[in-house]
Amino acid sequence: MIDYLAQNLWTLWAVLAMVCLVLELSSGDFYITCFGIGAVCALVASLFALPFWAQVVIFAVFSVLSIYCIRPHLVHMLDAKGGQRKSNVDAIIGRVGKVTETIKAGDYGRMKLDGDDWKAESDETEDLPVGTKVRIIGRESIIVKVEKA
């Protein structure tokens, strides 16, 4: 197996490029994509029978160039509206969910949004019974503030 890889380094670079692209799906920040681009460039170099050390240098150089030249354009295309992407709790503010455990007036309870269960706090003057539709109006730590929808 090692002899095969030593004679066919392009397979090593192809596997590394694929792994980088798959890992990018979980990160979304385009750094790992840049290493995938470097691996593809090293793959091309291996097809020209360049020595392994030269392939590693090409991998490193093209990875760094990708980080500085390609990544900014990819991030800009992802966020075409020009603002920061909202994530985590900030992304659900303004959305409507349902109460799953009565939320006492000015106290805590539970709500469900898109299948996820959240601890919720109410600023309402009356209890919010199970099944009440509520709108998320803010956050404090991991607690969402709600009002009747």
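Among the contacts in this chain between residues at least 6 apart in sequence, 45% join residues at least 24 apart. The model is a predicted one, and the chain in it holds five helices and five strands, which follow one another along the sequence in the pattern α-α-α-α-α-β-β-β-β-β. Of the 149 residues in the chain, 31% are buried.

**Packing of helices α3 and α4**

- Helix α3, which covers residues 31-47, packs with helix α4, which covers residues 52-69, at an angle of about 145 degrees, and the two axes lie 7 Å apart.
- The crossing that α3 and α4 make is right-handed.
- On the side of α3 the contact is made by Y31, C34, F35, I37, G38, A39, C41, A42, A45 and S46, while α4 contributes Q55, I58, F59, F62, S63, S66 and I67.
- Sorted by class, the residues in this contact of α3 with α4 comprise 12 nonpolar and five polar ones, with no charged residues.

**Aromatic residues and charges over rings**

- A search of the whole structure finds three aromatic pairs, and one aromatic cluster is formed by W13, F35, F52 and F59.
- Two members of that cluster, F35 and F59, also take part in the contact between the helices, F35 from α3 and F59 from α4.
- Y31, another of the α3 residues in that contact, has the charged end of R71 sitting over its ring, 4.0 Å from the ring centre.
- Y108 has K119 lying over its face, at 4.7 Å from the centre of the ring; Y108 belongs to strand β2, which covers residues 108-113, and K119 to strand β3, which covers residues 116-122.

**Residues with positive phi**

- F30, a residue other than glycine, has a positive phi, with a value near 70 degrees, and is placed in the loop between α2, residues 9-27, and α3.
- F30 has a relative accessible area of 17%, and because this is under 20%, the residue counts as buried.
- D114 is likewise not a glycine and has a positive phi of about 50 degrees, and its place is in the loop between β2 and β3.
- D114 has a relative accessible area of 57%, and because this is over 50%, the residue counts as exposed.

Terms used
Residues are numbered from 1 along each chain as its sequence is written. This is a predicted model: local features need pLDDT of at least 70, side-chain atom pairs count only at pLDDT 80 or more; totals for chains, interfaces and linings use all residues. Side-chain values use heavy atoms; hydrogens and water are left out. Rings of Phe, Tyr and Trp (its six-membered ring) pair if their centres lie within 6.5 Å; planes under 30 degrees apart count as stacked, over 60 as edge-to-face and the rest as tilted. A charge sits over a ring if NZ of Lys or CZ of Arg is within 6 Å of the ring centre and within 35 degrees of the ring normal. Axes are lines fitted to C-alpha atoms, for helices over the stretch in contact, and angles run from 0 to 180 degrees between N-to-C directions. Helices (H or I, at least four residues) and strands (E, at least two) are DSSP runs, numbered from the N terminus. A crossing is left-handed if the near helix is turned anticlockwise from the far one by less than a right angle, and right-handed if clockwise. Contact means heavy atoms within 4.5 Å. Ala, Val, Leu, Ile, Met, Phe, Trp, Tyr, Cys and Pro count as nonpolar, Asp, Glu, Lys and Arg as charged, and the others, Gly among them, as polar. Buried means under 20% relative accessible area, exposed over 50%, partly exposed in between (1.4 Å probe, protein chains only).
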